[in-house]
Amino acid sequence: MIHVEPRELSVRDVHWLLLGGVAPRPIALVSTISASGTVNLSPFSFYNAFGANPPVVAFSPSTRGRDGTKKDTYRNIMETRECVIQAVTYDLVQQVSLASTEFLPEVDEFVKAGLTPEPSDLVRPPRVKESPFQMECRLMQMVPLGDGPVSGNLAICEVVKFHAADDLFERGIIVPDRIDLVGRNSGNWYTRASGAAVFEVPKPTERHGIGVDRLPDHIRTSRILSGNNLAQLAGVEAVPTAEEARRVLSGLDRSVAPEVSAEAFSRAARRNDFEAMLAIAASMTDLPRDERRHLLELTAKTALDEGDVYFGWAALLLIVD
């Protein structure tokens, strides 16, 4: 672990630390127009949403690294106080990267990137037709965050109209796999926010978990379970009983583990087959207590990592039997 203050580093090194450690960042593809009618399109990854009433988003059109001058997006939005912010999807990432090229102010990035301008309803800058999620915005406030190269300017914008493709939604929620967003990391790295990269964590808003401090000692002090695993277990409202654990065991289909051996357990573990792992571990009654505990903890961890909290509890509670 390094320990360093920003004043001990070059601005460039501070910049790269932020880009790598604060990531992945959503990308705002921002279209603006100058007072004279010149259109600009540029991506920004210092960007997020900050309220829903009214809907507020903000992004940072930083100054240029070489000389600290203001970029076209900054000048345009200060002149007209309007912009459109588009979501960047995987299908658009190469075109968006191309649009980030520092063309001359009179060059139209829509043309260079092969993107289609579409008239907005309430603001002057055009929307990007290819993006499935667009927000027409008006500038509320521009907050300067510094005065040197790579210093930020926080453009705080109110969304005055949303445009979203119909097929993004399921039960009123935008589904990650359907919008297929990308995020920005350090260097040339991006993150694709869909497929195996997306997972669910139930919000603890309708229940009060017991907390890690109330986990049984043999669970809380485990050297196998991670902090994430402990938090999963601690999210229940009450510790399950040993009888409930035995019911899980009795309900197992023993045909999933026709062989009872350490080798069979290892094969099941490689498949993340926690049901077979538990059936094998529970049948190895001649093992020393510590070895059996080790197998049951491995089983619980596999179940928890696969999202089955109840099964994880069942495996751990069998340790005290």
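Reply: Happy to. Keep in mind that this is a predicted model. Let's begin with D180: at 11% relative accessibility, D180 counts as buried, because the cut-off for buried is under 20%.

Me: Which loop holds R81, and what is its phi?

Reply: R81 has a positive phi of about 60 degrees and is not a glycine either. Its loop runs between α2 (72-80) and β6 (82-87). At 37% relative accessibility, R81 counts as partly exposed, because that value falls between the 20% and 50% cut-offs.

Me: Now peptide bonds. Which kind joins A23 to P24, cis or trans?

Reply: In general, most peptide bonds are trans. The bond from A23 to P24 is cis, with omega near -5 degrees, and P24 is found in the loop between α1 (11-21) and β1 (25-26). Another cis bond joins N53 and P54, where omega is about 5 degrees. P54 lies in the loop between β4 (47-52) and β5 (55-59).

Me: How should I read the sheet, and in what order do its seven strands come?

Reply: Strands of a sheet pair through backbone hydrogen bonds, either parallel or antiparallel. Here seven strands form an open sheet in the order β3-β2-β6-β9-β10-β5-β4, with antiparallel pairing. At the edges are β3 (39-44) and β4, each pairing on one side only. On average, neighbouring strands of this sheet are turned by 30 degrees against each other, direction ignored.

Me: How many bridges join β6 to β9, and what packs on the sheet?

Reply: Five bridges join β6 to the antiparallel strand β9 (residues 133-144), and I85 stands opposite M135 in β9. Helix α2 packs on the sheet, touching β2, β3, β5, β6, β9 and β10 (153-164). The direction of α2 makes about 55 degrees with that of β2.

Me: Let's finish inside a strand. Is S31 buried or exposed, and what does S31 touch?

Reply: S31 belongs to strand β2 (residues 28-33). S31 is buried, with a relative accessible area of 0%. A polar atom of the S31 side chain lies 2.6 Å from the backbone oxygen of P126. Beyond its sequence neighbours up to four places away, S31 touches residues including N40, L41, F110 and P125.

Definitions and conventions. Residues numbered from 1 in each chain as written. Predicted model: local features only at pLDDT ≥ 70, side-chain atom pairs only at ≥ 80, totals over all residues. Heavy atoms only, no water. Helix = DSSP H or I, 4+ residues; strand = E, 2+ residues; numbered from the N terminus. Buried < 20%, exposed > 50% of the residue type's maximum accessible area, 1.4 Å probe, protein only. Polar contact = N/O pair within 3.5 Å; in protein donor to acceptor, adjacent residues only side chain to side chain. Contact = heavy atoms within 4.5 Å. Pairing = 2+ DSSP bridges. Axes fitted to C-alpha atoms, helices over the stretch in contact; angles between N-to-C directions.
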